Amino acid sequence: MNFISIQNIDSLENWVKQALKIKKNPLKNKKLGKNKTLGMLFFNSSLRTRLSTQKAAMNLGMNVIVMNFNSEGWTLEFEDGAVMNQGSSEHIKEAAAVVSQYCDIIAIRAFAGLVDKEKDNAETVISGFLKYASVPVVNMESATGHPMQSLADAITMAEHKTPHRPKVVLTWAPHPRALPQAVPNSFVEMMQKQENMDFVITHPKGYELNPEITKDSKIEYDQDKAFENADFIYAKNWSNYKEYGQITNSDPNWTVTAAKMKLTNNAKFMHCLPVRRNVIVTDEVIDSENSVVIEQANNRTYSAQLVLQKILENVK
């Protein structure tokens with residue numbers, strides 16, 4: 001069993017219920033991972049993902065090996081048939097096979113390069129390990145998705161469920177750097193699995209996500225209109241998908257402010273973190289009692305623990 005995408009979840013409702021049970025007693029299955037090793041390979045920086053996934057593994061009794069490839073590993077070659085007379089020192093064929101001998105599960109974090117859309121959509125790093133590793137592979141954020149984050153988001157919304165059919169809004173916000181589409185992609189896919197929720201994506205015209213992911217999700221280009229009567233506001237920046245990896249809009253009017261939150265139904269504010277204060281969201285909003293960003297970060301442990309637990313239960 002691999003966990004690469006939100007699409008690997010058969011029943012989101014059941015997974016959320018299981019995660020909430022784990023949260024109540026995180027050490028219940030401490031023996032499940034005994035004598036098992038999780039290898040965590042980071043091709044990019046991390047805070048919440050690294051610490052929460054490592055804690056989740058420890059809660060299950062696993063040993064954990066962490067390696068930062070950018071500073072500690074050989075430069076990997078992913079192209080089959082490559083003549084390796086340039087910068088790459090080791091091929092994914094050997095690297096994945098070797099790591100598989102040391103670990104029972106391999107978890108990988110590798111961001112989009114935001115230069116070559118075709119290459120990013122091909123998920124070069126994750127796909128290489130899936131092809132050549134002999135143990136399960138877990139996505140800790142790839143070029144196009146961050147499924148464990150979105151599972152944590154689903155857990156958080158379940159804990160703050162409303163008595164009525166909730167309205168959830170994913171809003172683009174400005175950022176000084178070009179950011180990938182991974183988090184919003186997985187959030188959209190997660191929301192498409194939600195029943196009895198109204199979902200709206202709002203962003204400037206031209207900032208549409210991959211249409212193969214958004215499908216028939218509602219898009220509203222007027223942020224104020226989108227915010228009306230919302231119960232959850234999820235703010236996130238992403239760079240332009242059509243003009244790939246470019247920043248074509250930095251309009252500060254898209255920053256989430258207290259005035260905009262007043263348009264909502266006393267909505268909870270969500271963000272995956274890290275967040276640029278007073279760029280993505282004002283201090284007044286993120287520091288308010290309706291901000292659940294710290295709870296979201298806490299739930300990263302239980303989303304990761306559920307994923308690892310399910311894999312361990314299937315490992316012979």
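Helices (H or I, at least four residues) and strands (E, at least two) are DSSP runs, numbered from the N terminus. The model is predicted, so that local features need pLDDT of at least 70 and side-chain atom pairs count only at pLDDT 80 or more, whereas totals for chains, interfaces and linings use all residues. Residues are numbered from 1 along each chain as its sequence is written, and side-chain values use heavy atoms, with hydrogens and water left out.

Glutamate 141 is placed in the loop between strand E6 (137-139) and H7. With a relative accessible area of 8%, glutamate 141 is buried (under 20% relative accessible area; exposed is over 50% and partly exposed is in between, with a 1.4 Å probe and protein chains only). Phi of this glutamate is near 120°, a positive value in a residue other than glycine. Most residues other than glycine have a negative phi. The side chain of glutamate 141 is joined to that of arginine 109 by a polar contact of 3.5 Å. A polar contact is a pair of N or O atoms within 3.5 Å; within protein, one atom must be able to donate a hydrogen and the other to accept it, and residues adjacent in sequence count only if both atoms are side-chain atoms. When neighbours within four places in sequence are left aside, glutamate 141 is in contact with Ile108, Arg109, Ala110, Phe111, His146, Ala182 and Val183, where contact means heavy atoms within 4.5 Å.

Helix H7 (residues 147-159) packs with helix H8 (residues 182-192) at an angle of about 50°, and their axes are 8 Å apart. Axes are lines fitted to C-alpha atoms, for helices over the stretch in contact, and angles run from 0 to 180 degrees between N-to-C directions. H7 and H8 are therefore oblique to each other; angles under 35 degrees count as roughly parallel, over 145 as roughly antiparallel, 65 to 115 as roughly perpendicular and the rest as oblique. The crossing of H7 and H8 is right-handed, a crossing being right-handed if the near helix is turned clockwise from the far one by less than a right angle, and left-handed if anticlockwise. Pro147, Ser150, Asp153, Ala154 and Met157 of H7 meet Val183, Ser186, Phe187, Met190 and Met191 of H8. The contact of H7 with H8 comprises seven nonpolar, two polar and one charged residues. In this classification Ala, Val, Leu, Ile, Met, Phe, Trp, Tyr, Cys and Pro count as nonpolar, Asp, Glu, Lys and Arg as charged, and the others, Gly among them, as polar.

Helix H2 (residues 48-59) and helix H13 (residues 293-314) pack at about 50°, with axes 8 Å apart. H2 and H13 are therefore oblique to each other, and their crossing is right-handed. On the side of H2 the contact is made by Arg48, Thr49, Ser52, Thr53, Lys55, Ala56, Ala57 and Asn59, and on the side of H13 by Ala297, Arg300, Thr301, Ala304, Gln305 and Leu308. These residues divide into five nonpolar, six polar and three charged.

Helix H4 (residues 92-102) packs with helix H6 (residues 124-132) at an angle of about 65°, with the axes 9 Å apart. H4 passes H6 in a right-handed crossing. Ile92, Lys93, Ala96 and Ala97 of H4 and Gly128, Phe129 and Tyr132 of H6 make the contact, which has five nonpolar, one polar and one charged residues.

Leucine 114 lies in the loop between strand E5 (105-109) and helix H5 (117-121). Phi of leucine 114 is near 60°, a positive value in a residue other than glycine. Leucine 114 is buried, with a relative accessible area of 11%. A cis peptide bond, with omega about 0°, joins leucine 273 and proline 274. Most peptide bonds are trans. Proline 274 is found in the loop between strand E11 (268-270) and helix H12 (283-286).

Alanine 259 is located in helix H11 (residues 258-261) and is exposed, with a relative accessible area of 55%. Methionine 261 also lies in helix H11, but counts as buried at 13% relative accessibility. Residues up to four places away in sequence not being counted, methionine 261 touches Phe227, Ile233, Val256, Ala267, Phe269 and Val285.
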